[in-house]
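I opened the notebook to record what I looked up around one ligand and one residue. The entries follow the order in which I worked.

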Amino acid sequence: MFIVLIGTAGSGKSTLASYLKATIEASGNVVVNLNFDPAAESLPYEADIDIRDYIKVEDFMARGYGPNGSMIAAVDSIINYANKVREEIYSYRPDFVIIDTPGQLELFAYRIGGPIVLESIVEDEKAVVVFLMDSIFFDNPADMVSILTLASSVNTRLKRPQINVISKSDLIIREVLEKVIPMIHEEGYLESMLRESNDIDPQVLGLSMSLARVLYESGYFGEIIPVSVYDEITIKNLYGKIQEILSQGEDKKIYDTYA
Ligand SMILES: Nc1nc2c(ncn2[C@@H]2O[C@H](COP(=O)(O)OP(=O)(O)OP(=O)(O)O)[C@@H](O)[C@H]2O)c(=O)[nH]1
Ligand SMILES: [Mg+2]
């Protein structure tokens, strides 16, 4: 079973990869951490499998690509090593494989290469995407709509069940954590927040209202799970949601987040 961590740069993917592994191992599972970031300079964990053993971003830069183009070309080229990576994975006979992806979200939200490469690793196995939304996006409703739109974009590209998480939830003010987050998936809640907020530019307000409506109508986000690596209960809760989704059988609905 694959757990694919995806999120904006610095949203906490690598740190969560490390804590999540410890939590899942504690319940007796074999867990493999796969670093999928060819440009990672240092990681907060020791990767069991490291894509940097196969490709390096510097090799692409040496061929004349810029830093961003190199990253895209490097990730695309993982396809050439998919069989070897899979062999490495299965040599561990793992119960769970946690894939720690690069923060260049364009790879998974907009381009086709990222999803193709991930599928070449996951193949017919079950997989769940954990999309990390940095707590900084939960300061105001327009930013919330923006990050949820991005979450839905990732979901349409990867077509795997997805859990939308607020990362670094220890940094969110208590009132938002206790009152807003548990309600946010209720139809119309974001619009009411937008209407009540008096410091949003009218143009931004109009667009955000329309996007919020579409998000609810399309069913593109369910419950949002706050996660902080400093609060083990939140990690256990995330693991519980992952198990819930992975136990739901083989159906690969576009959006399959529990409501
Ligand atoms: N307060 C707080 N900080 C966190 C948490 N998780 C991660 N961080 C910090 O956020 C920063 C970025 O974490 P990373 O795990 O490197 O984030 P990333 O998404 O892997 O970053 P990229 O791979 O560069 O996209 C680090 O300073 C972490 O210590 C959390 O739950 N709470
Ligand atoms: Mg990282």
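Before listing neighbours, I noted that contact means heavy atoms within 4.5 Å.

I also wrote down that this is a predicted model, in which local features need pLDDT of at least 70, side-chain atom pairs count only at pLDDT 80 or more, and totals for chains, interfaces and linings use all residues. Residues are numbered from 1 along each chain as its sequence is written, chains are lettered from A and ligands numbered from 1 in the order in which they are written, and side-chain values use heavy atoms, with hydrogens and water left out.

Entry on D48. I found D48 in the loop between β2 (31-35) and β3 (49-50), where strands are DSSP runs (E, at least two residues) numbered from the N terminus. Setting aside neighbours within four places in sequence, I listed K21, V31, V32, N33, E88 and Y92 in contact with D48. With K21, the side chain of D48 makes a polar contact of 2.7 Å, a term for a pair of N or O atoms within 3.5 Å of which, within protein, one must be able to donate a hydrogen and the other to accept it, while residues adjacent in sequence count only if both atoms are side-chain atoms. I then looked up L34, which is 14 residues from D48 in sequence and 6.2 Å from it in space, C-alpha to C-alpha.

Entry on ligand 1. I noted that 14 residues surround ligand 1, with K13, S14, T15, D170 and V229 the closest. A polar side-chain atom of D170 lies 2.7 Å from a nitrogen atom of ligand 1, and a polar side-chain atom of S14 lies 2.9 Å from an oxygen atom of ligand 1.

Conventions: Near = heavy atom within 4 Å. Helix = DSSP H or I, 4+ residues; strand = E, 2+ residues; numbered from the N terminus.
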